[in-house]
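Let's take a friendly walk through a protein structure together. Have a look at the picture first, and then we will go through some of its features by topic.

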Amino acid sequence: MPEALPDLLHADGVLFDLDGVLTPTAEVHMRAWKVVFDDVFERWGITPAYTDADYYDFVDGKKRYDGVASLMQSRNVEVPWGDVDDDPAAETVCGIGNRKNAAFAASLRGQGIAPYPGSLALIEQLSAAGVPLGVVSSSKNAEEVLGAAGIRSFFRIVVDGVVAERDGLASKPAADMFAAGAAALGVDPARSVAVEDATSGAASAAAAGFATVVGVDRGAGADALRDAGATVVVDDLDVFLPETRTDNPETA
């Protein structure tokens with residue numbers, strides 16, 4: 001039986017993940033990670049080869065260095081952590097993460113980014129209705145991406161990888177980032193909505209006490225998102241728009 005959609009217009013607030021929810025930057029991240037990990041795996045003789053499934057299982061939604069460490073641990077490969085200022089050529093967790101970020105930044109600046117049409121229409125609707133909006137993203141590039149996509153002004157707060165590092169917030173799936181987002185926005189998670197496309201993010205929002213967690217299935221899988229804590233899963237946020245919403249929405 002199709003799932004009923006929550007009423008976002010009457011939520012205390014709505015907190016969105018960024019990559020894969022508001023903008024298709026998850027695809028840019030995926031390509032950048034693949035370039036970096038394919039190179040590392042080949043040079044180090046690591047098997048099995050890196051796959052898209054690895055991205056969803058070990059990297060997606062996490063802070064950059066935590067994603068590197070998680071993936072390498074999955075292959076039983078020990079890599080020194082290093083320092084956040086490591087050169088991208090350094091063979092450390094931070095060096096590998098910085099190498100990926102350089103590839104991501106080059107792609108973003110060269111090609112630009114636009115929000116998903118359905119996501120843009122939804123945040124325009126919610127903003128016009130006066131619903132407090134925020135972004136909770138593990139990416140340190142969140143402010144740059146929001147600015148490049150032309151949507152930064154819709155959000156009262158942004159809790160991103162920079163804030164997480166500054167304030168010592170644990171990476172998703174820990175509750176820290178979504179809990180900090182709700183506190184910064186001044187809303188009660190139990191009466192608010194979190195929107196995520198990553199299993200780690202859905203778990204983070206659920207752990208932070210969000211009674212409503214909307215999973216957007218851009219590839220993680222509807223069942224995986226539900227298992228992680230999503231209370232409803234959709235294919236695109238345009239299902240929440242008046243012209244497309246029905247009493248029996250088709251969800252993932």
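This is a predicted model: local features need pLDDT of at least 70, side-chain atom pairs count only at pLDDT 80 or more; totals for chains, interfaces and linings use all residues.

**Aromatic rings**

- Searching the whole structure turns up eight aromatic pairs.
- One of them joins Trp33 and Phe37, whose rings are stacked, with 5.1 Å from centre to centre and 10° between the planes.
- Why are Trp33 and Phe37 about one helical turn apart? Both belong to helix H1 (residues 25-44), and they are separated by about one turn because they are four residues apart there.
- Trp33 is buried, at 4% relative accessible area, and Phe37 is buried too, at 0%.
- Phe41 and Tyr50 make another aromatic pair, this time edge-to-face: the centres are 6.3 Å apart and the planes are at 80°.
- Are Phe41 and Tyr50 buried or exposed? Phe41 counts as buried at 4% relative accessibility, and Tyr50 counts as buried at 6%.
- Put together, Trp33, Phe37, Phe41 and Tyr50 form a cluster linked by ring pairs.

**Charges over rings**

- Lys100 places its charged end over the ring of Phe104, 4.9 Å from the ring centre.
- Over the face of Tyr116 you will find Arg218, 3.7 Å from the centre of the ring.

**Nonpolar cores**

- The largest nonpolar core contains 37 residues, and Val14, Phe16, Leu22, Phe155, Val195, Leu237 and Phe240 have the most contacts inside it.
- Which helix gives the most to this core? That is helix H6 (residues 142-149), with four residues.
- A second core is separate and has 21 residues, including Ala26, Tyr55, Val59 and Val77.
- Look at Leu22 to see how contacts can reach along the chain: beyond its neighbours within four places in sequence, its contacts include Phe16, Pro115, Tyr116, Ile123 and Phe155.

**Helix H8**

- In helix H8 (residues 176-185), the buried residues are Met177, Phe178, Gly181, Ala182 and Leu185.
- Viewed down the axis of H8, these buried residues stay within an arc of 135°, so they line one face of the helix.
- What do the buried residues of H8 pack against? Their partners include strand S1 (14-16), strand S2 (133-136), helix H7 (161-167) and helix H9 (199-207).
- Just past the end of H8 comes Gly186, with a positive phi of about 75°.

Conventions: Residues are numbered from 1 along each chain as its sequence is written. Side-chain values use heavy atoms; hydrogens and water are left out. Rings of Phe, Tyr and Trp (its six-membered ring) pair if their centres lie within 6.5 Å; planes under 30 degrees apart count as stacked, over 60 as edge-to-face and the rest as tilted. Helices (H or I, at least four residues) and strands (E, at least two) are DSSP runs, numbered from the N terminus. Buried means under 20% relative accessible area, exposed over 50%, partly exposed in between (1.4 Å probe, protein chains only). A charge sits over a ring if NZ of Lys or CZ of Arg is within 6 Å of the ring centre and within 35 degrees of the ring normal. A nonpolar core is a set of buried Ala, Val, Leu, Ile, Met, Phe, Trp, Tyr and Cys residues joined through side-chain atoms within 4.5 Å. Contact means heavy atoms within 4.5 Å. The arc is that of the directions from the helix axis to the C-beta atoms.
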